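Reader: I'd like a close look at one part of this protein. Could you walk me through a single spot and then what lies around it?

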Amino acid sequence: MQDEVNTKVIAIMIKGGKISAEVLKKALDKFVQEIEKTQKQMQQPKTYRGKQSIKHLMSQNAAISNIEVTDGNIKSFERTASKYGLDFALKKDVSVEPPSYLVFFKGRDVDVMTAAFKEFSAKTVKQKEQPSIRHRLDQEKAQSKAQHKEKVKVKTKDRGVEL
């Protein structure tokens with residue numbers, strides 16, 4: 001069973017009427033080039049993008065800076081950072097009440113980080129200024145009930161003929 005798993009089948013498809021030795025040689029050369037290309041890619045270390053661990057961020061041989069974020073809604077910052085293409089790492093600092101987050105990023109990304117952070121902070125301020133939808137909905141319900149009580153129902157109608 002293990003031999004079946006270890007054995008790999010390779011299929012080469014060549015379009016053509018007749019296969020000559022020259023066509024077969026070109027196809028095999030192309031196949032060998034593709035194998036070498038994939039092996040080179042596998043030898044190179046994987047580069048991480050976006051949110052990653054501090055270990056992966058430090059392994060990229062770049063100076064690291066950090067910013068402290070006290071907002072509990074860190075997910076919205078992740079969206080903004082991915083929009084700007086930032087490589088960053090988050091670390092939760094639980095020693096402080098309420099817990100804060102440290103955002104680590106590469107030193108060369110300082111300008112991009114400040115732009116992303118400005119957009120993030122503007123977005124959070126805007127969200128705090130706007131009343132929540134539930135609060136607005138409750139106000140509208142109360143207003144509609146008040147209007148409903150003001151209406152007076154007429155139970156009797158005049159059906160007589162006037163002369």
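Predicted model: local features only at pLDDT ≥ 70, side-chain atom pairs only at ≥ 80, totals over all residues.

Author: Asp87 has a relative accessible area of 5%, so it counts as buried, the cut-off being under 20%. You'll find Asp87 in the loop between α4 and β2 (88-93). What does Asp87 touch, not counting residues up to four places away in sequence? The list runs Tyr48, Arg49, Gly50, Gln52, Leu57, Gln60, Phe104, Phe105, Lys106 and Asp109.

One of those names, Phe105, also turns up in the largest nonpolar core. That core has twelve residues in all: Val69, Ile74, Phe77, Ala81, Leu86, Phe88, Tyr101, Val103, Phe105, Met113, Ala116 and Phe120. At least two residues of the core come from each of α4 (74-84), β3 (100-106) and α5 (110-129). Take Ala81 as an example: leaving aside its neighbours within four places in sequence, it is in contact with Leu86 and Phe88.

Now for the two helices. The axes of α4 and α5 cross at roughly 140° and come within 9 Å. That angle makes α4 oblique to α5, and the crossing is right-handed. Who meets whom there? On the α4 side it's Ser76, Phe77, Thr80, Lys83 and Tyr84, and on the α5 side it's Val112, Met113, Ala115, Ala116, Phe117, Glu119, Phe120 and Lys123. Sorted by class, this contact of α4 with α5 has eight nonpolar, two polar and three charged residues.

Notes
Residues numbered from 1 in each chain as written. Heavy atoms only, no water. Core = buried A, V, L, I, M, F, W, Y, C linked by side-chain atoms within 4.5 Å. Buried < 20%, exposed > 50% of the residue type's maximum accessible area, 1.4 Å probe, protein only. Helix = DSSP H or I, 4+ residues; strand = E, 2+ residues; numbered from the N terminus. Contact = heavy atoms within 4.5 Å. Axes fitted to C-alpha atoms, helices over the stretch in contact; angles between N-to-C directions. Parallel < 35°, antiparallel > 145°, perpendicular 65-115°, else oblique. Left-handed = near helix turned anticlockwise from the far one by under 90°. Nonpolar A, V, L, I, M, F, W, Y, C, P; charged D, E, K, R; others polar.
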